[in-house]
Amino acid sequence: MFLSTHYAGDDLVPKFRDGEPWKKVFGPVFIYLNSGMVGSDSLLWQDAKSQMILEVQSWPYDFPASADFPTADERGSLSGRLMVKDRHVLYIYYPSDTKCFFIILPIWYVSREALSADTAYVGLAPPGEVGSWQRECKGYQFWTKADCDGSFTISHVRLGSYNLYAWVPGFIGDYKYDLIVNISSGGRIDLGNLVYEPPRDGPTLWEIGIPDRSAAEFYVPDPNPNYVNKLYVNHPDKFRQYGLWERYADLFPAEDLVYKIGAGNDARDWFFAQVTRLKNSTYQPTTWQIKFKLDAVSQSGTYKLRIALASATDSDLQAYFQAHALQFR
């Protein structure tokens with residue numbers, strides 16, 4: 001199954017006009033079967049990962065005899081360096097899989113220099129609006145991860161016209177390069193230094209979590225013993241255990257979560273997913289509260305609530321500020 005609505009909804013179902021031609025190559029598909037003695041599960045897993053690395057290094061394969069599968073020489077590449085210029089830096093972000101880190105600066109500090117887009121995810125996808133790559137499923141996409149200084153190279157790209165997109169762990173929003181990128185056979189494009197300015201209207205007053213498209217920093221309960229996946233025991237991605245959302249009703253059987261800014265701890269007090277409560281065989285909506293105090297409020301100022309969701313499925317999210325309501329779908 002190469003296309004599915006699972007975890008994404010109808011947005012990822014390809015839409016075709018009457019008579020619209022469409023062709024897309026999936027594969028080649030590689031299946032690796034290894035074997036070992038009883039109790040050697042860990043060794044088998046490490047062996048499979050080593051084989052995966054070899055296959056990644058071998059891509060694109062040279063054996064498919066199809067004009068629809070370009071060889072390495074028939075593809076192009078793109079490189080550059082992504083920087084981030086945020087007028088107000090609030091926190092340090094330590095990526096879990098790298099030694100890179102962002103510098104800590106006070107909330108009132110105004111950044112005059114761009115920071116390296118350390119561990120940014122940078123990709124080429126069909127032309128569209130900012131963030132459209134998340135819902136695009138008809139064309140091809142090619143992605144890579146920037147290094148500590150924001151440098152990146154996207155290799156073995158099929159010929160065609162693309163937009164360059166990116167998102168940076170620790171910074172809200174999405175980046176899009178303004179111009180169309182045309183990849184040619186054997187072509188090598190260097191875009192030089194690129195600067196992403198996250199959406200911001202002023203310093204951050206408070207924040208829960210990290211905008212990194214993950215729930216790893218929040219409270220993740222222990223799984224139901226009947227659903228334990230051994231691959232994610234003592235693993236940083238504990239939140240990937242199956243059925244964890246059902247634990248919310250166990251932790252909050254009647255009253256919903258209340259989080260107090262300044263006193264709450266993300267890893268202890270904020271459940272990793274906003275879910276309904278299963279009660280008497282029916283799913284009931286839940287209402288979470290965030291309590292915060294502002295020492296001073298500008299009557300003529302504009303305050304914005306920004307919400308970054310890692311994923312959403314069949315959901316209806318509503319945010320209320322006292323008597324004023326805003327609704328997000």
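Which residues form a nonpolar patch on the surface? The patch consists of Ile290, Phe292, Leu305, Ile307, Leu309 and Phe321, with about 470 Å² of accessible area together (Shrake-Rupley method, 1.4 Å probe, only the protein chains shown counting as cover). Such patches are made of residues with over 30% relative accessible area and no salt bridge, nonpolar side chains being joined within 5 Å; a salt bridge places a side-chain nitrogen of Lys or Arg within 4 Å of a carboxyl oxygen of Asp or Glu. Ile307 is found in the loop between β13 (289–291) and β14 (317–321), strands being DSSP runs of E with at least two residues, and helices runs of H or I with at least four.

The model is predicted, local features requiring pLDDT of at least 70 and side-chain atom pairs pLDDT 80 or more, whereas totals for chains, interfaces and linings use all residues. Residues are numbered from 1 along each chain, and side-chain values use heavy atoms, without hydrogens and water.

Within strand β5, His156 has a positive phi near 55° and is partly exposed, because its relative accessibility is 29%. Asn280 likewise has a positive phi of about 55°, and is exposed at 68%.

Notes:
Patches are made of residues with over 30% relative accessible area and no salt bridge: like charges are joined within 9 Å, nonpolar side chains (Val, Leu, Ile, Met, Phe, Trp, Tyr) within 5 Å. Buried means under 20% relative accessible area, exposed over 50%, partly exposed in between (1.4 Å probe, protein chains only).
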